[in-house]
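Welcome! Please take a moment with the sequence and the 3D view below before reading on.

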Amino acid sequence: MSVPELIRIVSRDSPMALAQVDRVRAELAAARPNVRTEVVPVRTTGDKWLGELSKVEGKGAFTKEVDAALLSGEADVAVHCLKDVPADRPLPAGTVFAAFLRRDDVRDALVHPGGLTLDQLAPGTRIGTSSVRRSAQLAAGHPHLRCVPFRGNANRRLEKLAAGEADALLLAASGLERIGRTDVISEVLSPETMMPPVGAGILALQCREGDTGLIDTVSALGHPDTHREATAERMFLHVLQGHCNSPIAGYARVDRGGELSLRACVFTPDGKTRLNAHEWAGRLDPATLGTSVAVSLLRQGAREIIDGIPH
Ligand SMILES: NCc1[nH]cc(CCC(=O)O)c1CC(=O)O
């Protein structure tokens with residue numbers, strides 16, 4: 001098994017993605033001082049197409065070109081937001097996850113130029129979000145607000161907000177942190193107010209499965225509790241089999257005592273129906289916990305809700 005001298009890192013080319021790569025390079029430099037790194041930025045379908053994602057690649061819109069660069073050998077490691085990597089199908093053949101980095105904040109943040117909180121927003125306030133998970137939960141808790149479709153990377157969305165295309169935005173707190181814009185946050189929403197998506201705040205490193213020396217090298221960046229949480233959440237989604245338009249939330253957490261739990265929800269788009277499950281792993285491994293929570297939601301009618309949503 002040979003230790004690589006140079007690792008070429010492929011990622012999307014948005015400011016958030018490049019900040020993520022900076023973190024990976026810094027952690028690699030600290031863990032493996034003899035390894036050099038290079039960045040291979042690529043633009044994905046999800047970056048180029050600003051219409052509805054379900055009309056193009058749907059799931060995988062932010063990962064396809066990155067995966068292609070890895071598989072063709074143009075790069076050695078891909079950095080992904082785990083949230084953008086489809087969980088209901090296997091990873092592209094020939095690739096594996098080599099590490100999940102320590103998880104960042106999982107919560108969503110409200111960006112309101114006037115500094116108001118969600119509960120203070122006036123009826124009719126336009127919230128820029130194309131996320132079905134966010135809009136279903138807003139419809140349930142704050143039915144007087146109006147969601148308007150909003151796409152583009154986080155910097156682009158902040159520009160569109162400043163241009164008046166919406167009155168407020170919902171964005172991941174971790175993403176705003178990565179681009180150095182926590183200054184625009186008017187409220188960080190609790191997971192109870194806005195249940196996070198599967199994979200929130202986790203960066204994943206993906207390699208070709210045969211590169212055992214490289215996998216061994218980059219696995220030094222892996223964070224064990226984040227690995228347990230990611231495994232439970234992704235197995236949950238794998239068993240549930242959602243689609244592009246199905247509002248689903250899933251949030252696993254290892255508590256201070258080391259116990260793993262998983263909370264998950266399925267919503268109708270209007271937010272009027274919400275199925276909930278919350279289980280502790282106990283003696284189950286993370287993947288079995290994810291399976292159990294999915295089965296619990298399926299018993300409550302999740303399949304009928306998901307299949308009933310046009311996609
Ligand atoms: N779909 C884009 C995307 N993918 C991951 C994040 C946030 C960062 C993360 O959860 O790792 C974002 C932006 C957002 O939802 O505001």
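Predicted model: local features only at pLDDT ≥ 70, side-chain atom pairs only at ≥ 80, totals over all residues.

Residues are numbered from 1 along each chain as its sequence is written, and side-chain values use heavy atoms, with hydrogens and water left out.

**Domains**

- The protein is divided into domain 1 (6–101 + 201–222), domain 2 (108–188) and domain 3 (233–307), with bounds that come from an automatic or database domain assignment.
- Between the C-alpha centres of domain 1 and domain 2 there are 27 Å.
- Domain 1 puts 16 residues into the contact and domain 2 puts in ten residues, where contact means heavy atoms within 4.5 Å.

**What the UniProt record lists**

- UniProt, in an unreviewed entry, lists residues 229–298 as "domain: Porphobilinogen deaminase C-terminal". Its positions are given in the numbering used here, feature names are shortened, and annotations may be inferred rather than shown by experiment.
- Across residues 229–298, the chain is 36% helix and 31% strand, and 21 Å separate the end C-alpha atoms. Helices (H or I, at least four residues) and strands (E, at least two) are DSSP runs, numbered from the N terminus.
- The unreviewed UniProt entry also has the annotation "modified residue: S-(dipyrrolylmethanemethyl)cysteine", which covers Cys244.

**The second largest pocket**

- Rolling a probe the size of a water molecule over the atoms shows where empty space is left.
- Here a 1 Å grid over the protein atoms alone is used: a cavity is a set of points where a 1.4 Å probe fits but cannot get out, and a pocket is an open set with protein on both sides within 12 Å along at least five of seven lines. Lining residues have an atom within 4 Å of a point.
- The second largest pocket holds about 260 Å³ of space; grid points are joined across faces, edges and corners, and a volume is the space filled by probe spheres set on the points.
- Its lining has 13 residues, and Ala87, Arg89, Leu91, Phe97 and Arg234 are the ones nearest the centre of the pocket.
- Eight lining residues are nonpolar, three are polar and two are charged. Ala, Val, Leu, Ile, Met, Phe, Trp, Tyr, Cys and Pro count as nonpolar, Asp, Glu, Lys and Arg as charged, and the others, Gly among them, as polar.
- Why does the pocket lie between domain 1 and domain 3? Both domains give residues to its lining, so the pocket lies between them.

**The loop between α8 and β11 (248–254)**

- Cysteine 244 is found in this loop and is partly exposed, with a relative accessible area of 30%. Buried means under 20% relative accessible area, exposed over 50%, and partly exposed in between (1.4 Å probe, protein chains only).
- Glutamine 241 lies in the loop between α8 and β11 too, and counts as partly exposed at 36% relative accessibility.
- Most residues other than glycine have a negative phi. Glutamine 241 has a positive phi, near 55 degrees.

**Buried residues in strands**

- Leucine 275 sits in strand β13 (residues 274–280) and counts as buried at 9% relative accessibility.
- Not counting residues up to four places away in sequence, leucine 275 touches several others, among them Ala264, Val266, Leu297 and Ile305. Leucine 275 and isoleucine 305 are 30 residues apart in sequence, with their C-alpha atoms 9.5 Å apart.
- Cysteine 81 belongs to strand β3 (residues 77–81) and is buried, with a relative accessible area of 17%.
- Beyond its neighbours within four places in sequence, cysteine 81 is in contact with Gln20, Arg178, Ile202 and Leu203.

**Two loop residues**

- Is histidine 142 buried or exposed? Histidine 142 is buried, with a relative accessible area of 9%, and lies in the loop between α4 (132–141) and β7 (146–148).
- Threonine 182, in the loop between α6 (173–178) and β9 (187–188), is partly exposed, with a relative accessible area of 39%.
- Leaving aside neighbours within four places in sequence, threonine 182 is in contact with Leu176 and Glu177.
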